[in-house]
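Below is a short report on one protein model.

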Amino acid sequence: MAIEFSKYHGLGNDFILIDNRSSLTPVLTPEKAVQWCDRHFGIGADGIIFALPGQNGTDYTMRIFNSDGSEPEMCGNGIRCLAVFLTDLEGISRTKDKYHIHTLAGVIAPQLTDDGQVKVDMGEPRLLAEEIPTTLSPSEFQVINQPLEVAGKTWDVTCVSMGNPHCITFVEDVAAINLESIGPQFENHPVFPKKTNTEFIEIVNRNYLKMRVWERGAGITLACGTGACASLVAGVLNDKCDRTATIELPGGPLEIEWSELDNRIYMTGPAERVFTGKY
Ligand SMILES: N[C@@H](CCC[C@H](N)C(=O)O)C(=O)O
């Protein structure tokens, strides 16, 4: 049976979106998702996102499979794509009130802005070792600037959960990092029982950071929304940046704010439809 899909991207972090609003069960298995995401034998994407009915009073539920078939708790670029996909499906103007989306990381609220971007209330960062999760510190402690041995080198890392796990390390020159070889060693390090996403951050100034990412379950991607949020938090915790900054990713910039008023993270960036089809 052919299934209709739409392809979207947020700064080159690309997703297949499926209208799954008639059931709480995704129409594809994780194994099928791997095939669909394959860039040579399928459609090609970093992940596949299902728009499901809302739960517990929310408008919709988002579920996502990474390109390796694993299921993450949240996806920042993905939820911006979902918000635009939903307005495209509903055929309404992009100025609709905020959506409240049920995710495995809690309720996340994207809102389309007048200039065509999407601003997302990403919720509060989680900082305790047990919340990441990581065994790098005792469970009720934070992991800030702690040494971690990877690939024969000691990296000072800070860990932040945006619902999904992130390990952030500050470097002199992001372009010099051999992501392909180092990334998997962070992802599969035994101190991360649920694996981890890893962000390499170069501080340009207190309001401008450069980032490259190795994503859990997807490898090198052109952007990672939750990773950009987690990196800003790590920068603030290490007194390397202010609470509002532009994060430059290979696919383009994201604006991130960690509000002092409500402790929540706000991410603003684009999301674009590329094409639609049946597969
Ligand atoms: N690219 C996403 C994150 C997708 C999930 C991640 N690979 C994980 O397994 O946690 C983003 O924009 O946040």
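Cys 75 counts as buried, at 8% relative accessibility. Buried here means under 20% relative accessible area, exposed means over 50%, and partly exposed lies in between (1.4 Å probe, protein chains only). This is a predicted model: local features need pLDDT of at least 70, side-chain atom pairs count only at pLDDT 80 or more, and totals for chains, interfaces and linings use all residues. Residues are numbered from 1 along each chain as its sequence is written, and side-chain values use heavy atoms, with hydrogens and water left out.

Cys 75 sits in the loop between β4 (60-66) and α2. Helices (H or I, at least four residues) and strands (E, at least two) are DSSP runs, numbered from the N terminus. Cys 75 touches Phe 15, Met 62, Ile 64 and Thr 226, leaving aside residues up to four places away in sequence. Contact means heavy atoms within 4.5 Å.

Which residues does UniProt list for "active site"? The unreviewed entry gives Cys 75 and Cys 224. UniProt positions follow the numbering used here, feature names are shortened, and annotations may be inferred rather than shown by experiment. The two span 150 residues in sequence, yet no two of their C-alpha atoms are more than 7.7 Å apart, so they gather at one spot. The lining of the largest cavity includes both Cys 75 and Cys 224. A cavity is a set of points, on a 1 Å grid over the protein atoms alone, where a 1.4 Å probe fits but cannot get out; lining residues have an atom within 4 Å of a point.

Cys 224 is buried too, with a relative accessible area of 4%. Its place is the loop between β13 (219-220) and α4 (225-237). With residues up to four places away in sequence not counted, Cys 224 touches several residues, among them Asn 13, Asn 77, His 166 and Glu 199.

## Helix α2

Helix α2 has 15 residues. From first C-alpha to last it reaches 21 Å, close to the 21 Å expected at 1.5 Å a residue. That expected span is 1.5 Å times one less than the number of residues. Twelve of the 15 residues in α2 are buried, so the helix is mostly covered. Among the buried ones are Gly 76, Asn 77, Leu 82 and Phe 85. Gly 91 follows α2, with a positive phi near 65°.

## Salt bridges

Side chains of opposite charge can pair when their charged atoms come close. The structure holds ten salt bridges. Each is a side-chain nitrogen of Lys or Arg within 4 Å of a carboxyl oxygen of Asp or Glu.

| Pair | Closest N and O atoms |
|---|---|
| Arg 21 and Asp 19 | 2.8 Å apart |
| Asp 121 and Arg 264 | 2.9 Å apart |
| Arg 273 and Asp 88 | 3.9 Å apart |

Arg 273 lies in strand β17 (residues 272-278) and Asp 88 in helix α2 (residues 76-90), so this pair ties together parts that are 185 residues apart in sequence. Asp 88 is partly exposed, at 32%.

Asp 121 forms a salt bridge with Arg 264. Asp 121 lies in strand β7 (residues 118-121) and Arg 264 in the loop between β15 (252-258) and β16 (265-269), so the pair ties together parts that are 143 residues apart in sequence. Asp 121 is buried, at 11%, whereas Arg 264 is partly exposed, at 24%.

Arg 21 is partly exposed, at 33%, and Asp 19 is partly exposed, at 36%. A network of salt bridges links Lys 7, Asp 14, Arg 39 and Asp 46.

Methods: 1 Å grid on protein atoms, 1.4 Å probe; cavity = no way out; pocket = protein on both sides within 12 Å on 5 of 7 lines; lining within 4 Å.
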